[in-house]
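Please open the model in your viewer and keep the sequence beside it. The tour below moves from one selection to the next and says what is found at each stop.

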Amino acid sequence: IMCPQLFERYFDETFPVERDPVHFTPLPLTFSAVARSMRSEYMASKFNLIATWNPQCAASIPYPLFKLKDILATCADVFASKGKCCRCRPVVPTTQHPARRLLRRVGRVLSLVCTLMPPSDQFHISNSAQFSSRIRSSEAQAQLHYPHSNYRWAQWTGDISNMFDEMNHLAILDAVWWALNNVAKWTSNKTRRVDRFSVAKFGKAVQLGCDYTEGEMVMITASQVMQVCKFDLAHSYVNVRHKLYKRGLGAPMGGMLSAFYAIICCSKREATAFTPRLRDLSMPVAVCRYMDDVYIAIAYVTNDQLTQATEVVRYIAAVGTGYPPPLVLNLEPEGPQRFLEMYIQCVGTAIVISFFNKVADDWIKKGSTVQVRLPSASSMVSGTTQQARIRGTIRRMLECGLQQVEMARAITELQYEAALSGYRQSHVSSALKYLLSRPSYTKERKDMIMKVWEQVKWDSGL
């Protein structure tokens, strides 16, 4: 609940349409007139052969999305580190976009392209399980690289600022074209260029090559993907207080293709500039990027090696040599790091991953001054939804690849958090039983979950 006047202030700070001519250009037109012009271009480009036009279209009405971790923290703490009480994400929903069906289908093509990018060439990951896998692989490489040395790990994390809103359109299109041209290299079809994709008319299926399913799929060429991306970037409009504005820079947060633009732009720079520099070090490296969050770990023995590793990391973070401007990687100080929901420490030759629970951490450190993140049990959230939230948290713990001791600690902290939100403790046991019934986990993993739950029940007296 927020004072309307305070919300208006935050809204104007997030969308300064009247005083920011770089990002917003006022249009003396109605959206109906703009939509007619867009439709003419849509038909002339024959996009209607890929997907139908949305006749129930409307201009996007943006809103500020307040950062959850700023809400959970105290205003004084956030202001001390960020210079404001609460940061906002400038969200522009595109649910009523005139070309939403077209953008969804092209989005599936770009999603496929992102999954084809080789992990050895770029940093992108899509979940915690991939992070854990990369860490374990790098640890194995370090043991082979330093078989008789007492090596250590240096690690850094950081976030990329100016993502989405500040991205240059030409840089986006250049990166998308680079990715499309490399699809054949990233697959087994290395003898010729892959320039056709097939997308299901109903469902989310997408595959390389032409459509041979008698009309069940739509074929989209690489050239059409580029045309649609240009169309998307050229026609981004927002409705602010019943006035229409055209965006002139960046990709809107909430756009159907914006996440893929960001992933591909960063991956291009990583593959062409950062990965070669890291390989030149001839040291085991673990690198991950989840959207704008970056993690780097490098194994070293001597101080000279640490100096070389630090220089490469600074090269990745520096303005001009780092990510495509105006994107900038802001590094955190060396030491134990937080990445996504994980707390990562370098202990001897091992990288130890723990699950970080901010609510439990605040409860242990501050006692009564805790702001919960789970919806209160007294709210309108049903018991089914509460259990789903608990299941989702435990699933993310399992994705992190936690060992038995860390898993037991994480489950115990989740019990604290559930109790602080007024949830029944049976929600945790129900979630564990549900996950044990799923076929996606191995027998060894299920046995570990059972041991953890028996230990937690005994320790908590349940």
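How do the residues of the lining of the second largest cavity divide into nonpolar, polar and charged? They divide into 8 nonpolar, 1 polar and no charged, where Ala, Val, Leu, Ile, Met, Phe, Trp, Tyr, Cys and Pro count as nonpolar, Asp, Glu, Lys and Arg as charged, and the others, Gly among them, as polar. To see this lining, select Met167, Asn168, Ala171, Ile172, Cys265, Pro324, Pro325, Pro326 and Leu327, which surround a volume of about 40 Å³.

Before going on, note that this is a predicted model, in which local features need pLDDT of at least 70 and side-chain atom pairs count only at pLDDT 80 or more, while totals for chains, interfaces and linings use all residues. Residues are numbered from 1 along each chain as its sequence is written, and side-chain values use heavy atoms, with hydrogens and water left out.

A search of the whole structure finds 2 cavities of 30 Å³ or more. On a 1 Å grid over the protein atoms alone, a cavity is a set of points where a 1.4 Å probe fits but cannot get out, a pocket is an open set with protein on both sides within 12 Å along at least five of seven lines, and lining residues have an atom within 4 Å of a point. Grid points are joined across faces, edges and corners, and a volume is the space filled by probe spheres set on the points.

Next, select Thr94, His97, His235, Ser236 and Tyr237, which are the closest to the centre of the largest cavity among the 17 residues that line it. The volume of the largest cavity is about 140 Å³, and its lining has 9 nonpolar, 7 polar and 1 charged residues.

From Tyr237, move to Lys246 in E9, which stands opposite it. Strands (E, at least two residues) and helices (H or I, at least four) are DSSP runs numbered from the N terminus, and two strands pair if DSSP finds at least two bridges between them. E8 and strand E9 (residues 243-247) pair in the antiparallel sense over 4 bridges. They belong to an open sheet of 3 strands with the order E1-E9-E8 and antiparallel pairing, whose edge strands, E1 (24-26) and E8 (237-240), each pair on one side only.

Now select helix H9 (residues 222-234) and find Val228 within it. Val228 counts as buried because its relative accessibility is 0%, buried meaning under 20% relative accessible area with a 1.4 Å probe and protein chains only. Leaving out residues up to four places away in sequence, Val228 touches Phe47, Leu102, Leu103 and Val106, where contact means heavy atoms within 4.5 Å.

Strand E7 (residues 217-221) is the next selection; 4 of its 5 residues are buried, so E7 is largely enclosed by the rest of the structure. Strand E5 (residues 196-200) pairs with E7 in the antiparallel sense over 5 bridges, and Phe197 has Ile220 in E7 as its bridge partner.

The last stop is the second largest pocket, which holds about 680 Å³ of space. Select Pro119, Ser120, Gln122, Arg134 and Val287, which lie nearest its centre among the 27 residues of the lining. The largest share of that lining, 6 residues, comes from H6, and the residues divide into 13 nonpolar, 12 polar and 2 charged.

Key:
Buried means under 20% relative accessible area, exposed over 50%, partly exposed in between (1.4 Å probe, protein chains only).
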